[in-house]
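This report is meant for someone meeting the structure for the first time. It begins with a term and a single residue, and then widens to other parts of the chain.

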Amino acid sequence: MFPVGPAPWPRLRVLWALWALLVVLLAPWRLWAIQETQECTWQVVLNNLESVGKNDAIDHFVDQELYTVDKVFDLLVDAPIDRDETYLGFPYYLKINYSCTGEVSSEALVRKGHLTGLKPVVLVTFQSPVNFHRWKIEQLQIQMEAAPFRSPAERCDAEEMCLMSWYTPMPIKNGSVVMRVDVSSNGLGPFIPNKRFHVNINGFLERGRDHELQFTVGNELFHLIPRHFVNVPSRPLWYTVDQTPVLILGGIPEEKAILLTDTNFKDFFLVELSIDSCWVGSFYCPQASFTATIYDAIATESTLFIRQNQLIYYFTGTYTTLYENNHGSERWVRVLANECIKRLCPVHFHSNGSEYVMALTTGKNEGYVHFGTITDGLVSFKLLPRDRSVCNAILVDNCSITWAVFIAGDYNLLMLVEIVGPTSSKYFQVVSYDLVSDYLVVLYTIPEFIPDARGLEFLMILGTESYTNFPMVPKGMSYNPYNNLLLIWGNFLLQSFNSENFIYLADFPKELSIKYLVNSFRGDMAIVTENEEIWYLLEGSYQVYQLFPSKAWEVYISLQVLQQSSRYAPNETMVTLFYEDNKLYQLVYLIDNQQGRLIKRLMPVEQLLMYQQISKEYVLERQGSHLTLSFSNFCPFTVMRLQELPNPQIYTRQERYRAQPPHVLEPWGFHSENSLAVYQGLVYYLLSLHSKYDKPYADPVHDPTWRWWKNKKQDQDYYFYLANNWRSAGGVHVDMTSYEKIYDLKAENELPERIFLDKGTSYSFSVFLTTRKPEVQHGPSFQVLSPVDLAVVLADPDCIEAMVKEKVLVNRNSVLFWVTLSDKRSCFDQGISGHHLMKTSMLVKVLGSSGHCFQNTNRGPRMQSNLMVPVLIGCPPGKRLAFDITYTLQYNRVQNKHYFDCVKVDPEMPCFLFRDIFYPFFLIQDLVTGDSGSFQGSYVLKVVGGGPTLDTIKEYSEEEIYRFNSPLDKTGSLIWTTENTTTTEDLAFNIMSHNSLGIEWLCLENSPCHDTIPHNIFAPEFFFKVLVSNRGVDESTYCDYQLTFLLHIHGLPLSARRAFLILLVSASLFVGLVILYIVCCLLSPYMVKVCNILRWKINSIIGLESNYTYSTPSDSRAFSHSGTMSWRSSRLNSRVVYKGAEENKAET
């Protein structure tokens, strides 16, 4: 058994006095609040469309297809909506309730909250995708107000409102499968602390034929058997940080089963995997026995990896929001089937649009690493090093790779290599392998024995120190890319910030052996040993604290027993330990009243450190006839506040939209299914405007919602009048001001989650500290000697710098520090917005306060004095270059004295005349802060494609781009030219700016726009695909602004040859028509004469045939009559002919 709590419960009685003492000392200010205020918490579940209004319905995020809500919007005949748009809805809602301690009926609480004005506010944060080559990198949030909905499923005669809940749409976004949901109150009703939920898409679930959910990776097991967890060692939880929607955990003995969760273990599934479980033993794979246990399990954004025995399997989930084509697996795929894999090593961070995993081999390929790459769900492995094994590279005969760490920013692979010497002695080395240059080097040789620290907290390993008889047994490594901290762990802890010079942490006992580390990557980490002890380390300090087992843990457990907490039991086993939102959590299996259950609970690190400090540092002093307790507080300050923090969005790059439910014309304010569907459609349309806004041509107003309301603002009062008089169609009123983008978020007196720094930018704030014991110095000038010192530790001082200014406030017994963090313009080349950012960090700490200073909050104590902030250097997300079509048209009209648009006007793409000088202007738009200004830097403009129509646009090759755009071209292929003389360093292209003299269109003989054939009577047109980039020519920013847009040019001239040919053909046709007219005029009399003669002859022939036709013996009268008529007709015709002949003769 591996207990997490103390087994001997009777021992708790001994600590009764200490419990009472701690309760009085630590929380006297909270006693009155606890008595008067209930502790309430939010409850959030996911409901699909069919589950809305059902009380106990809980769904998982499986469906990713949208549905249409046009029928509902057709009812809104008088509403500010766009009739030409298709409104869609998301497949799920968030159902929100809350509960309080001591209350039996949560339904009554919700009704009370609604009547007192409570409205939950939901903030959904979309995690940016891994593959930035396919999806845009952005930090997007949407804030929604929940709509009250009365359940129609229950009848209630006594209650007017029956059962109710609040609902909001649960939006989804292409490229994002991880969503954080933060629920807060609008400030009315009961006090409910903010709470965060993880609502992720589960691509490993599908709906069967009966619409029931089933797993694609295996079969769900519905019973947790104690033998799966009791007496089972804990194991690490491995995944890609911040990107993984589904977490998995193996280690269940003799079962090919895993724990699977899409809510960070708020709930979970036990799934038996459908793998073949075969075992291929051979002479090169020293596998002694077979087991069904899943030893290693790693989760990435779209793919799960497991190791069973020596085999590796992976399964790719079905995520239509991640990739266009469905790469989802139908079954588990076995890879590296001919290899003997002894361990999987995780890579915690993605880079270059991909995720990674490493497999360490044994047997025939000992000394190699199989490096796996996952891109859009496609998995590939390659063998590293490429040319020779690690053993051959470091010139040893027998070696084995124990652990591997991939440093993505440097494309560097660190390997912990075990080497067996000639005398069978073992030693370890840290080996570095560069994936780009294929260069391998030994960085550090680990000492064979543990150093003798002689009472010191840490010891710098220089080679001159003395050693104990305890051998060093390295087992693994851990690397934090934000502060470059490399840890080598085993029965010791070695840390280094440059992978060459190491420090030995002597507080960790050498008698223990570390099983795994849990890193928060925010300045602290937890350590789990082989005997399930939990230790804690603050990065930047050298003290290692024992959390469990400890006296502090016993005190904490005693307090939980007093509160009758259900989250602790006498018999419990830790399953895993992990960080979530910078807090340490345990997954624990409890056995209480012979019933087993698996729960997730917070590891109270701050409380345990406080209890340790109090239990160690107290003194009994006699005052008179009695003893008094006094405690030493080692925190050098009493108050620590952050002040003068700037607005966060410019540094955190968070884009936020706000949406409120439509107003319903219902006395109690309850929504119907139709109004909720309208809410779905409005949220979808708001997010669709956001996605469509990323276009080359800039709108006149820099706001994605401008197009929604631009033609409806003048009717806003009319819509308001209808709503106030309860005449809105469909019983729903859409308020235009309820759907907007927020640009002015205020700071919350705490450092942001992360900071983005562009070239030369800085971040400033101040730290206010009230000291505990001021020291006054008298002399020529009266001053206070501050007992507190503030330190700023930079992970990369060559890239960023910090300035700290101090001001002593004598009258307030305080010190004010101004801190300014700045980029040094030296460590990053230009890049696309949000791509290839350099990771570094800033640590702000008060000297001598690590692990000693805490602040009481409504969520419990919070550690102070160690503030670690990740810093990302490069081009921040949310910045773009846009074609300023509005100012370009205005300026061109003024400079050219006229403007002629195309015959067929396209308001989205105006035309420019070929013979006019073209003056382009561009905007730098910040999608986060709403700033938009003229681009003042330099840029290179190239025509990279084109065609006479939109359907015939062709991409040009690199050689063609050079010929069509370079002033050095001698082949007569230039498309355009300029009078600017500034060029790039190689003289290949012109450098433009906002002060340039404009562009003159040439379209020379060998250019693609030369001799364009017109398709109608109007002048030829041509569409140029233009690329504008400031890379290499603008040193004011790290951003490589790349803009590709279409430019419509009309009025292109014809070539001289084609113009002459058209002129020749036209002249020939004209002359031919004139000659034909003259000939017709001269020959017309003769033609008339010939026509008359022919007519006479034809009539004569017809007359003779008629005579023969009517001459029959059966009817003599008819024959006589026919002959008479024929003779008369003949006489008449002969007269007419004779008369015409005489007239012609007279004219002659």
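Strands, in the sense used here, are DSSP runs of E that hold at least two residues and are numbered from the N terminus. The model discussed below is predicted.

**Thr 468**

By that definition, Thr 468 belongs to strand β32, which covers residues 467-471. Setting aside residues up to four places away in sequence, Thr 468 touches Phe 449, Ile 450, Pro 451, Asp 452 and Lys 510. The C-alpha atoms of Thr 468 and Ala 453 are separated by 9.3 Å, and these two residues are 15 residues apart along the chain. The side chain of Thr 468 also reaches the backbone nitrogen of Phe 470, at 3.3 Å.

**Glu 655**

Another residue in a strand is Glu 655, which lies in β47 (residues 654-659). Glu 655 is buried, at 1% relative accessibility. Its side chain makes a polar contact with the side chain of Lys 741, at 2.7 Å. Lys 741 is also one of the residues that Glu 655 touches when those up to four places away in sequence are not counted, and the others include Glu 138, Gln 139, Leu 140, Gln 141, His 690, Leu 927 and Val 928.

The table sets the two residues side by side.

| Residue | Strand | Relative accessible area |
|---|---|---|
| Glu 655 | β47 (residues 654-659) | 1% |

**A sheet of 4 strands**

Elsewhere in the chain, 4 strands form an open sheet with antiparallel pairing, in the order β13-β17-β16-β15. Because β13 (218-221) and β15 (247-249) stand at the edges and each has a single partner strand, one side of each is left without a neighbour in the sheet. From one strand to the next, the twist averages 35°. The pairing of β15 with β16 (residues 257-261) is antiparallel and runs over 3 bridges, and Leu 247 has Thr 261, in β16, as its bridge partner.

**The chain as a whole**

The chain contains 15 helices and 72 strands, and of its 1148 residues 51% count as buried. Among contacts between residues at least 6 apart in sequence, 63% join residues at least 24 apart. The accessible surface of the chain comes to about 55,200 Å², and 53% of that surface belongs to carbon and sulfur atoms.

Note on methods. Residues numbered from 1 in each chain as written. Predicted model: local features only at pLDDT ≥ 70, side-chain atom pairs only at ≥ 80, totals over all residues. Heavy atoms only, no water. Pairing = 2+ DSSP bridges. Axes fitted to C-alpha atoms, helices over the stretch in contact; angles between N-to-C directions. Contact = heavy atoms within 4.5 Å. Polar contact = N/O pair within 3.5 Å; in protein donor to acceptor, adjacent residues only side chain to side chain. Buried < 20%, exposed > 50% of the residue type's maximum accessible area, 1.4 Å probe, protein only. Areas by Shrake-Rupley, 256 points an atom, 1.4 Å probe, with all protein chains shown as cover.
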